[in-house]
Structures are given as C-alpha cells and as structure tokens.
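Please examine the pockets of the following model and the helices beside them.

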Amino acid sequence: MDFELNEEQVAFADMARAFAQNELEPNAGEWDLHQTFPVDVLKAAGELGFCGLYSHEDVGGLGLSRLDSSIIFEQLAMGCTSTTAFITIHNMATWMISEFGAEDVRQQWCPQLTAGEKLASYCLTEPNAGSDAGSLKTSARRDGDDYLLNGSKIFISGAGATDCLVVMARTGEEGPKGISAFAVDATLPGITYGRKEEKMGWNSQPTRMITFEDVRIPASAILGQEGDGFRIAMRGLDGGRINIATCSVGTAQQALNKATEYMHERKQFGQSLANFQALQFKLANAATELVAARQMVRMAATRLDNNHPDKTTYCAMAKRFATDVGYNVADEALQIFGGNGYIKEYPMERFLRDNRVHRILEGTNEIMNVIIARRLLMQNAAELL
C-alpha cells in the first residue's frame with residue numbers, strides 16, 4: 001500500500017488549494033451571512049474542470065477517479081464548505097447524465113454542466129420519503145412521446161437557481177423497482193419552487209421545495225431504462241457519500257489549522273495556549289482522528305473506483321465515520337477559541353454549522369449503520385474486515 005499522492009494528484013490538490021484560498025475562503029463568510037449563491041465563482045470553478053471531475057471526457061468532463069476527485073474536494077472544502085458541497089452535488093448529477101443518458105441528452109446538458117455554464121440539482125427526497133427513498137410518490141406517467149411528471153421534492157440544493165434537475169419518479173410498481181430517473185429542464189411549465197429555506201448552515205446555496213404539476217418531459221429525457229432509477233440513485237449516492245465525507249474532512253482540517261494558529265497567538269495566565277497540555281491533547285486527538293477519517297474515505301473511494309463487491313458498505317462506513325469525526329473536530333477547534341469561537345468574526349462557528357448537516361444528508365448516519373450491519377449479518381461477512 002502506498003499512501004503517498006502521486007505527482008498528478010499533488011498537482012490537482014495544489015490547483016484546488018489555490019482556488020480555495022483565492023476565490024472561496026475570502027468570500028465564504030459574506031456568502032454565509034448574506035445567503036449568496038456565488039454563480040460566477042461556480043462558473044470559474046467550471047473553467048478549471050471542477051464541475052465535471054468524474055464525468056466522461058467525451059462530454060467535457062475530466063474523467064477522473066473518485067479518489068482524485070476526493071483529493072480535490074477536500075482542498076476546496078477548506079475554502080468554503082457550503083459552496084464545495086454544492087459543487088459535489090452538481091458533479092453527482094452531471095455524472096448521472098453523462099453515464100446513463102442517451103446521446104442526445106448527454107450532448108444537450110453535459111458540455112455546459114461540466115463547464116459550469118449551467119448548474120444541476122439532484123431531486124430524490126420527498127416530504128414523506130427521506131431515508132425510505134424507495135417509497136417516493138412523485139410519478140412520471142407515459143403520454144405518447146412524453147412523460148407527465150407530478151409530485152414534489154424537498155430539501156433540493158440549488159433549486160430555483162439551477163438549470164437541470166435530475167429527478168427520481170415512479171413509472172411503475174411500488175417500491176424501488178418502479179422508479180426511473182430523468183434529466184429535466186428546470187424552466188419547464190408546471191415546475192414551481194417554494195420559499196428558500198432558512199437553514200442552520202449551508203447558506204451559500206439555496207434549498208427549496210420543487211413541485212411538478214403535469215410537467216411534460218420528452219421520453220428521451222429518461223436516464224437508462226424504466227425501472228433503473230433507484231439503482232442509478234444509489235450508484236450516485238455511493239460517490240455522494242465519499243464526496244460529503246470529504247467535505248467534512250476538509251472543513252475539519254481547516255478548523256484544526258485555525259485552532260493551531262490561535263494557540264500560538266493567544267496568551268492566558270502569562271503564557272501561550274500552546275503550552276497548556278490539555279489543549280495540546282485536543283490537537284493530538286483531532287489530528288489522529290482526522291488522519292483516520294481521511295484514510296478511510298480514500299480507501300472507500302478506491303473501492304468504488306475498483307468496483308469492489310463491498311463498495312457500498314465501505315462508502316457507508318467512510319461517510320458515517322468521517323462526518324462524525326469532522327463535526328467533532330470542528331466542535332473541539334471552536335472550544336479552543338473559547339468565546340471568540342462563538343462569534344462570527346471568526347469562522348469557527350460557521351465550520352461547525354456547515355459540517356453538522358453532513359451527518360444527515362446523502363443518507364443519515366443511522367442509515368449508514370443499517371447498511372453496514374446488514375452486510376455484517378450476511379454470510380462471509382468476515383471478508384469485509
């Protein structure tokens with residue numbers, strides 16, 4: 001096993017770090033405060049390839065591995081968690097179209113999505129179908145050469161500001177086998193957007209409900225075949241779990257960096273905070289857990305790249321572990337700042353707020369434990385370990 005990054009990965013990380021330091025970090029606080037969706041910066045990210053990292057090269061993507069993409073996302077998250085998280089969601093939706101769309105649909109959407117000229121949202125969750133995604137009710141009924149789309153989705157990142165919606169809808173029987181996926185023009189008649197949700201964090205991206213009322217979409221907009229939607233959604237979420245775990249690691253690393261700097265600057269009782277062993281141990285524990293989380297995420301990404309038979313379980317493990325660690329490290333880093341960590345003059349409280357939602361989305365951490373436990377209770381589970 002070689003845990004060192006190769007030259008190409010180092011170059012990717014350097015490029016992402018420079019973008020994060022120059023374009024994301026200086027603006028992240030203002031975007032959070034004013035709930036600004038930085039479309040121009042997202043377009044600039046697209047110009048560097050960050051909006052199509054693992055989409056296919058024939059439609060403008062870079063065709064990178066999930067491991068390489070994770071290395072890039074970690075650096076971006078150190079600049080702005082919320083904006084990077086949206087970039088990961090956009091990448092997931094764009095990849096789905098590039099992987100499963102018919103050629104005319106791929107050419108219609110992907111070149112502009114991978115370039116950041118247009119943006120995409122992923123639409124799975126419904127008011128009564130969260131963790132139980134297979135019970136979704138939004139329907140797509142065949143009507144000649146079209147489908148009529150009816151229903152609603154909630155908690156949709158970018159909704160109302162994106163151009164393309166990757167929508168999971170029921171075309172057949174109850175349960176996962178009756179779900180299909182579609183690439184939907186976000187401006188079609190019959191699509192309405194709810195109010196922008198007031199959120200604890202992730203404020204640089206809008207979150208809204210979407211309602212579909214007899215929205216007519218061409219049959220060619222389907223991704224894969226009828227009934228493939230749940231499988232496509234789950235394949236997307238394997239990568240999405242790696243992505244969001246990576247955002248947690250990157251944010252926590254930045255929080256730890258800030259806390260380390262602060263311990264050298266701040267003095268109490270006549271000496272630097274860096275001299276207090278209790279605070280030294282906080283740094284040591286945080287750094288150790290972050291290294292473990294990072295390596296677990298990268299191992300899971302490698303499993304996904306290699307199509308390992310237990311890739312879904314490893315992605316669930318990485319997501320559960322890294323998002324818990326990321327939140328805890330951000331919390332401990334804030335504690336080192338004391339009262340200063342709680343005020344908006346410093347970024348610590350934003351790190352904590354932005355990292356908290358990662359334990360919920362892309363499948364709650366409780367659902368990650370369900371996935372892991374079910375695998376362990378199967379025959380030959382020892383092979384997983």
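Ala, Val, Leu, Ile, Met, Phe, Trp, Tyr, Cys and Pro are classed as nonpolar, Asp, Glu, Lys and Arg as charged, and the others, Gly among them, as polar. The model is predicted: local features need pLDDT of at least 70 and side-chain atom pairs pLDDT 80 or more, while totals for chains, interfaces and linings use all residues. Residues are numbered from 1 along each chain as its sequence is written, and side-chain values use heavy atoms, without hydrogens and water.

Q: How do the residues lining the second largest pocket divide by class?
A: A pocket is an open set of points on a 1 Å grid over the protein atoms alone, where a 1.4 Å probe fits, with protein on both sides within 12 Å along at least five of seven lines; lining residues have an atom within 4 Å of a point. This pocket is lined by 15 residues, with D2, F3, R298, M299 and T302 nearest its centre. By class they are seven nonpolar, four polar and four charged.

Q: Which element gives the most residues to that lining?
A: Helices are DSSP runs (H or I, at least four residues) numbered from the N terminus. With six residues, the one that gives the most is α7.

Q: Which residues of α7 meet α3?
A: Contact requires heavy atoms within 4.5 Å. From α3, the residues involved are R66, L67, S70, I71 and E74. Their partners in α7 are R294, V297, R298, A301, T302, L304 and D305.

Technical notes. Helix = DSSP H or I, 4+ residues; strand = E, 2+ residues; numbered from the N terminus.
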